[in-house]
Structures are given as structure tokens and as C-alpha cells.
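Biologist: I've got this model open and would like to talk over one part of it. Could you zoom in there and then work outwards?

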Amino acid sequence: MRHWRILLISIFIIAILSTSSMAAIRTVTYADSLFTPDGEYVDWNSNHIFPYFDPAMGRLISVYFSATLNATLYGEAENKAASPVQNAWMNVDTNMYVEMLNGQHLPLEVLLRVPKTGTVSVGAFDGTWDFLGPSAFNGTDANDTWDDIFYINPADVNDYVGTTPGDTFNLPAVTSAISQVRGGGSWWSIITTLAWSNATITYTYDDSRCLSGYKLDGCTGLPLSGWKIKVNNSTQEWNTTTDGNGFWRICNLENNETYTVCEVLQPGWAKTSPMGCHTVPLAGINITNINFTNQKMYCISGYKKDNCTGAPLSGWNITLQNATGATSQLTGPDGKYQFCNLKPGDYTITEEARAGYIPFSVVANPVTLNCSNITNQNFTNQKLLCINGTKINNCTKLGLDGWTVIVKNSAGVEVGRNITTGGGYWKVCDLAPDLYYASEILQPGWKNVTSLEIPVRLGCNNATDVNFRNTPLLCISGHKKNTCGQFNLSNWTIVLTNSLGGAMSALTNETGYYQFCGLPPGIYNLSEESKEGWSLVSAPQQVTLNCSNTSGMDFVNSECCGSSLKINKTADFGPSPANPAGVNQAINYTIIVENAGNETLYQVNVTDDKLGLREQIASLLPGEFRIFNARYVVAEIDLCGNITNIAWANATDPCSKAFHVSASWSVPTNYTAAIEIDKRADVSSARIGDVINYTYTVTNTGDVNLSGLKIEDDRLGLIDERV
């Protein structure tokens, strides 16, 4: 079969040679080896490496590839069994395939065997595992094989045509093997398989007098396809188009002629090399590398955008400049600008400046144009904004003119100020988005309601209604008066407290007048100092300041002259001995507390410890009295004397003078203490030697408990003293 393939190749070559006297069929062969000369342990994977066919050499007609598989076996085996083995041998089935570029496999197989033919007999295990002696056998074997593949179909042949001189490709070679010892069931074995491979590839090609070259991008070095190439001599013109690799070739040209080779320039491109056409003499051999290099013309583009909204900004002038000149254009409705037909180099791109805008981001100049269009060279602008508001009287809700408002940025630097006018209106403009602080300068006689400094975050819109509210500071006034003749009282301290607990004080003047000023609207309380000998008659209620001063907040006092407190206590027993109380009888007491003076008494406390009385009267007007009733049950502990207890009362008059009074009541007690005794015997007569049992009965005939009872008999002596 192999010889048939070789014969077919020879016939094919002869046929080619006979088709045209102008054809020149040539071959080139390349060789490669893997792991020669000693081989590598199987299994292994590696690559046969070969160069691609250089199309500058001619037109590739066929590809012939052959490869060998060479293998050796080194084997040792020891019978582990206690009985001998007849007909033993070891073998290795070694395989390799080479994968071609189209995925086809070239398979190779080598069979190795020890012994090479026949079998061996080994004895039972001799007790030593050393692969020696009668229980072991060993040996070596070597073998090789080869096969080939031949391609003539253009679809297969073209895989081996290179695009860049010197490029190589890999043909993977993969080996595997199966080794085994046969003839017995239990073996120790060491089987070593080594393999190597040799391969060649032969390219058969036609080098019929050709002119060829490449069309290349001068920027990237990449091939340019689809370009027309024209070849002329003095009598004829030939045309071709560059392929996907940028390669072109025109063959079967007349020998010993001079040819002009030109390209047809396409729009958007400029010549780099050559600047004109090639002039090429053809004298017996192909001429290669007749190359054309072109430079594509590129574009620089970008957008003009609003930084806040991202919306396009149309009608803005953009200028492009390089070392040779400048050009400008306006951004379109989509904010886009684009400069095209530009050669690679350094450019500067600038935008016009407009009032009311500041640049947020600009193009990083210079812009270096290399081998591709440059996009997104964008300009982003920020529209400048305003902060405005009104200065308002918080009482009248009307605007306040003539107040200064200052605006500072987040770094604390003043960026603008304005004086309110036209109903308190103010405005500061030309501000970029940022955090700002608007503050007012507080004027005397006013209190701020809103914060003196208001943070304002400017985003994409003006900030409005940044308002400051102030309220005028007010006064509270009044007099200190004496009820007798309405005389005013000077040098009295008046205290003002607000709803938060803050306090201030003032002294009444010689007319009794006092005044508190500089007060913001709110709720206030007034109080006065207390002086000995004086009582308060009337005082102002809680004062609410709105939007005007409050006057007439007068205090009226009177002198304290005749304060008096009286207490009286009686009971339904006593105090006469003729009206005593006995044990368990209830005594009913009546206690009367009376304001016997001409001033109101305050915090009147009434107590009687024995009766458990604890009462308090908030106030007693002159002549007013209160009655308290209490009950007490007489106990035995009370019978040894009179029952005497005291009622107490204390109070304070308007001049802070304290009064303490008391009243007592005594109740005599009486009781009856008496006993009776009865004695009995259990017989009415007795003889000598008889026992008489006596019974004594003692009875308490009084109304109190008795203790220390002792019974004595003049004949029997002490009877009992246990009670």
C-alpha cells in the first residue's frame, strides 16, 4: 500500500511537468525528531514542529508527511506463587498517533514481546524477590514502524501555507501503551517502555516566474485585503486583488522583462511606501516582497455635554490644531464634533469659553493619533447657578430690607454677598455645584428664628427660598405697689424666667418701676423677692410675648400686722374626776383650729400623736376655722393615771412668720379589781389514815386583769402561785 502511494506521487509529478514547458515544479523537505536516540518513558505527549510553506517560494501543490514510531521494552518478572508457571511471557502494545492540522490522525503501533517468540517456564517462588533465579525471567525487545499521509486537495494543502515568513506549526504526537505479564496469576514485575519518533514533511510547489508581495497597514503592520494590484510591461497589463493575508501574486510572466507594479489607492488612505510604483526586472526567478504600505486616515471625535444633566450642548465651537494649522467646527444637535482625514500625529483640541459656564472636564492635550480613530474626547461644562431667598420679619411676615447675607463655599471662603432689597430679597450667583453656607449679619434689637447659617447643597438647579426669619426683641414692664395708698415700692427684686428655665432680675426704681427688654417672643413668668413684714396681694399671671411690648405687669403687697393662730381641744370624758373613762370605753375628741388674726395663714399643720392625727390646711383666711374629730378607746395600760394628750398646730403668715400653738385635754380613769375563792373537799367525814382531796376555785369578779395570784391554806400551806 505504501509503494502504491509513492508510485502515485511520481505519476502526478510527471503529469505536472508535462503540462507546461513554463512550469517549474520543486520540492522542499523538513525533518524533526522526538526523544532520539534513547527514547522517553511511555506515555508521553509532544509536538513535531515544522515551518509553514512560504508562499513567496511559489504555489504549494501537495504535502507529504511521514512519521516513525520506535520502541524498546525492558522487562523483569518474578513468580510470587508457590507453584511453577508454564508458558509465561510479557508484552507491551505501544501506540502513537500524530494529529495533522485538519485534525486527521496518523496512527502507528509497535508490538514488543519477551521472549520474542514462544514462552518460558518459571519455578515456584524461590523466597527472594530479586528477579533472578528459577522463579524469574527477564529480557528486552525493540521494534519500529512508520506510515505517511499525502494531501493534494487545496482545502487540506492550504492549511500549510504560512502568512509570515519563519512561522512554524505543531503536529501533536501522543503515545500510550498497555503492558502485561501472561501465564500466571501472581507476579512482581518491572516493565519499562521507551519510545521515540522521526518525521519529515515535503512541500511540492510550482515556482513559475511570479511577482508577489503584500499589502500592509503602515500603522498596525496587519495585512490589507481587497486592494487592486496592477502589473504592466511594455505590451500587456495583469490585475489581481490582495487576499485575506494581504498577499498578491501574478505568475506566468515573460522572462527577462521589466515590469511596473502599482496599487490602486482607495479613499481614506495615503501612500506610505512606496510613494509611487515599483519597477521590477524578472530574470529567471520569482520576485517576492514587492510590498505596498499604506496609512489609513483617521478621525478624532467627541461630545460636548452638560455636567449636571448629561444632555448634549449644541452650537459650541471646537478647534483642532497641529503643527501645520487649525480648523474649527460647531457641535451638532447631539453635542458631537468630529475631525476626519487626519494623519497620525499630535493634536490639540480646545473649546470656546462661554459666560455662565465653567469647564468641568476637558480633553487631555496633546491628543496622539496613532493607528485607530480616537473617540470620546469629550468636553463637559457646568452651568453656574444661584442661591436666593428672603429676609422676613417673623412677627409681621413682611420682608426686611438692608440686611447683609454672605455665602461661603465648603472651604469657608466667601464667594459672594448681597444686601436685601425690594421686600427682603437677596441673591448670589455664578456658583458651581457644591456645598455652600448662607449666613446673615444679625442687627441689634433682633433675634434670629432660623439658624444664622444655613447649609445649601447646589446640585443641578438654582437653590431658592433660602429664607432667614428674625423677630424684634421686646420688653415686659410693670410696678411694685403697696395696697396702702397705692404707694410704689422701690428697690424690690423682680425675677423673669423663660420657658427653658433661664432667668434674669431687675430692681424697681424710686417709682417702683421695673422693665426687662431684649426679649424674643415667648412665654415668661414673673416673680418677686419676699420681704419680712410684707405679704403678696396680687401678682402678674404668665406673660406671653407676641409681636409687641407688654406693660402693666404689677405686683401688689401689703404689710403684715396681726397674724394669729388658735387651737382648742375637748372630749366627752373629763377633765373632771366626776367624768372618768373606763377600760374599753371610747373617748371622742373635738379639735378646732382657727385663724384668729387679720392675715391669711398658709401651710397649717394639725397633729396629735396619741390620736394619730396628721392634717394640713393649705390656707386659712382671717376668721376661718376647721374642726377635726378623733376617737380613742381606753386600754388597761391607760388605767394607772389620767389620759392626757396634746394637739399641735403650726402655720406661716404672708410675711413668712411662723406660728406654733397647742392644746391639751386630760381624762381621769377608774376601774374595779376584786376576786372570790371557794374551797371544797371530796368527803364529809374522815378517819385517821384517810386522804382528803380539796378543790380551790378563784374567780376575778372585777373589770381588769389580775396577775401575781397566790393561794395559801393555814393548814396545808402554799397551794399554788402559778397564775
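Where does strand β31 sit: how many of its seven residues are buried, and which strands pair with it in the antiparallel sense over four bridges or are joined to it by six bridges?

Modeller: Before I start, a caveat: this is a predicted model, so local features need pLDDT of at least 70 and side-chain atom pairs count only at pLDDT 80 or more, while totals for chains, interfaces and linings use all residues. Numbering runs from 1 along each chain as its sequence is written, and side-chain values use heavy atoms, with hydrogens and water left out.

Now your strand. β31 covers residues 434-440, and five of its seven residues are buried. Strands here are DSSP runs of E, at least two residues, numbered from the N terminus, and buried means under 20% relative accessible area, with exposed over 50% and partly exposed in between (1.4 Å probe, protein chains only). One partner is β28 (residues 404-408), which pairs with β31 in the antiparallel sense over four bridges; two strands count as paired if DSSP finds at least two bridges between them. The other antiparallel neighbour is β33 (residues 453-458), joined to β31 by six bridges. S439 is a handy spot to look at. Opposite S439 in β31 stands I406, and in β33 the bridge partner of S439 is E453. As a reminder of the background, strands of a sheet pair through backbone hydrogen bonds, either parallel or antiparallel.

D430 has a positive phi of about 60 degrees although it isn't a glycine, and it is exposed, with a relative accessible area of 58%. β30 (425-431) is an edge strand, as is β32 (446-448), each pairing on one side only. They belong to an open sheet of four strands, in the order β30-β27-β34-β32, with mixed pairing. The twist averages 25 degrees from one strand to the next, using axes that are lines fitted to C-alpha atoms, and angles that run from 0 to 180 degrees between N-to-C directions. Inside that sheet, β27 (residues 385-393) and β34 (residues 468-472) pair in the parallel sense over three bridges. If you want a residue pair to click on, K391 has F468 in β34 as its bridge partner.

Q382, in strand β26 (residues 379-383), is worth a stop too. Q382 is buried, with a relative accessible area of 3%. Its side chain makes a polar contact with the side chain of N307, at 3.0 Å. By polar contact I mean a pair of N or O atoms within 3.5 Å; within protein, one must be able to donate a hydrogen and the other to accept it, and residues adjacent in sequence count only if both atoms are side-chain atoms. Leaving aside neighbours within four places in sequence, Q382 is in contact (heavy atoms within 4.5 Å) with N307, C308, G356, Y357, I358, F360 and P433.

Further along there's another open sheet of four strands, in the order β37-β36-β39-β41, and its pairing is antiparallel. Its edge strands are β37 (503-507) and β41 (543-545). Neighbouring strands there are turned by 30 degrees against each other on average, direction ignored. Three bridges join β39 (residues 522-528) to β41, and G522 stands opposite L545 in β41.

Now for the other end of the chain. In the largest nonpolar core, which has 41 residues, F65, V98, Y160 and Y203 touch the most other members. Such a core is a set of buried Ala, Val, Leu, Ile, Met, Phe, Trp, Tyr and Cys residues joined through side-chain atoms within 4.5 Å. The largest share, eight residues, comes from β4. Not counting residues up to four places away in sequence, V98 touches H48, F65, A67, Q104, H105, L106, L171, P172 and A173. A second, separate core of 32 residues includes L601, V604, V634 and F659.

V42 and D43 are joined by a cis peptide bond with omega about 20 degrees, and D43 lies in the loop between β2 (40-41) and β3 (45-51). The bond from S273 to P274 is also cis, with omega near -10 degrees. F131 has a positive phi of about 60 degrees without being a glycine, and is buried, with a relative accessible area of 10%.
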